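Biologist: Please show me the chain, and then let us go through it by question and answer.

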Amino acid sequence: QEQLVESGGGLVQAGDSLRLSCAASGRTFSSYTMAWFCQAPGKEREIVAAISWGLGTTYYANSVKGRFTISRDNAKNTVYLQMNSLKPEDTAVYFCAATEEFMSTTHEEYEYWGQGTQVTVHS
């Protein structure tokens, strides 16, 4: 059974850093686009960053450009999100997801989802 498991969330102060990890199992996701989405209370789920297989093409939401970095290790079937200079508005549940669609930014096109990890940033 395919499974994505996130880890690395927590409670931090503004300006701190966190590194989220997403460990995939049950199948090889090396040919999938992998992404991180976030969802704050009362808001819709939105994309944070995505990375393709192969050359590792990346996409970032404007709100995180220059602060967050997405990367993947296909040998370990793991995707990472390095989050620097965190802001209170980054507070949300962060989800890892996978899709066969190339560089999709639409959550409806992602077939596999993790359970989410909470990131809380205090000012």
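This is a predicted model: local features need pLDDT of at least 70, side-chain atom pairs count only at pLDDT 80 or more; totals for chains, interfaces and linings use all residues.

Biologist: How many residues does the largest nonpolar core have?

Modeller: A nonpolar core is a set of buried Ala, Val, Leu, Ile, Met, Phe, Trp, Tyr and Cys residues joined through side-chain atoms within 4.5 Å. Buried means under 20% relative accessible area, exposed over 50%, and partly exposed in between, with a 1.4 Å probe and protein chains only. In the largest core, the residues with the most contacts inside it are L4, M34, W36, V48, L81, M83 and Y94. The size of this core is 31 residues.

Biologist: Which strands each supply at least two residues of this core?

Modeller: Strands (E, at least two residues) and helices (H or I, at least four) are DSSP runs, numbered from the N terminus. The strands asked for are β3 (18–25), β4 (33–39), β5 (46–51), β7 (68–73), β8 (78–83), β9 (92–99) and β11 (117–122).

Biologist: Which residues is V48 in contact with, leaving aside its neighbours within four places in sequence?

Modeller: Contact means heavy atoms within 4.5 Å. With those neighbours left out, the partners of V48 are W36, F37, C38, Y59, Y60, A61, V64, F68, L81 and Y94.

Biologist: How many residues are in the second, separate core?

Modeller: The second core includes A35, I47, A50 and Y110. Its size is 7 residues.

Biologist: What does R27 form a salt bridge with?

Modeller: Side chains of opposite charge can pair when their charged atoms come close. A salt bridge here is a side-chain nitrogen of Lys or Arg within 4 Å of a carboxyl oxygen of Asp or Glu, and the count comes to 2. For R27, the closest N and O atoms of the pair are 3.0 Å apart, and the partner is E2. R27 lies in the loop between β3 and β4 and E2 in the segment before β1 (3–7), so parts 25 residues apart in sequence are tied together by R27 and E2.

Biologist: Are R67 and D90 buried or exposed?

Modeller: R67 forms a salt bridge with D90, with 2.8 Å between the closest N and O atoms. R67 is in the loop between β6 (58–60) and β7, and D90 is in the loop between β8 and β9, 23 residues apart. The relative accessible area of R67 is 10%, so R67 is buried. At 7% relative accessibility, D90 also counts as buried.

Biologist: How much space lies in the largest pocket?

Modeller: On a 1 Å grid over the protein atoms alone, a pocket is an open set of points with protein on both sides within 12 Å along at least five of seven lines, a cavity is a set where a 1.4 Å probe fits but cannot get out, and lining residues have an atom within 4 Å of a point. Grid points are joined across faces, edges and corners, and a volume is the space filled by probe spheres set on the points. Of the 19 lining residues, the closest to the pocket's centre are C38, E46, S63, E89 and D90. The space in this pocket is about 280 Å³.

Biologist: Which strand gives the largest share of that lining?

Modeller: β4, β5 and β9 each supply at least two residues of the lining. The largest share, 3 residues, comes from β5.

Biologist: What volume has the largest cavity?

Modeller: The structure holds 1 cavity of 30 Å³ or more. Its lining consists of A24, F29, S30, M34, R72, D73, N74, N77, T78 and V79, and β7 and β8 are the elements that give two or more residues to this lining. The volume is about 50 Å³.

Biologist: Is N77 buried or exposed?

Modeller: N77 lies in the loop between β7 and β8. Not counting residues up to four places away in sequence, N77 touches C22, A23, A24, S25, R27, T28, F29 and S30. With a relative accessible area of 16%, N77 is buried.

Biologist: What distance separates the C-alpha atoms of E6 and Y94?

Modeller: E6 lies in strand β1 and, at 5% relative accessibility, counts as buried. Y94 is among the residues that E6 touches. E6 and Y94 are 88 residues apart along the chain, and their C-alpha atoms are separated by 8.3 Å.

Note on methods:
Residues are numbered from 1 along each chain as its sequence is written. Side-chain values use heavy atoms; hydrogens and water are left out.
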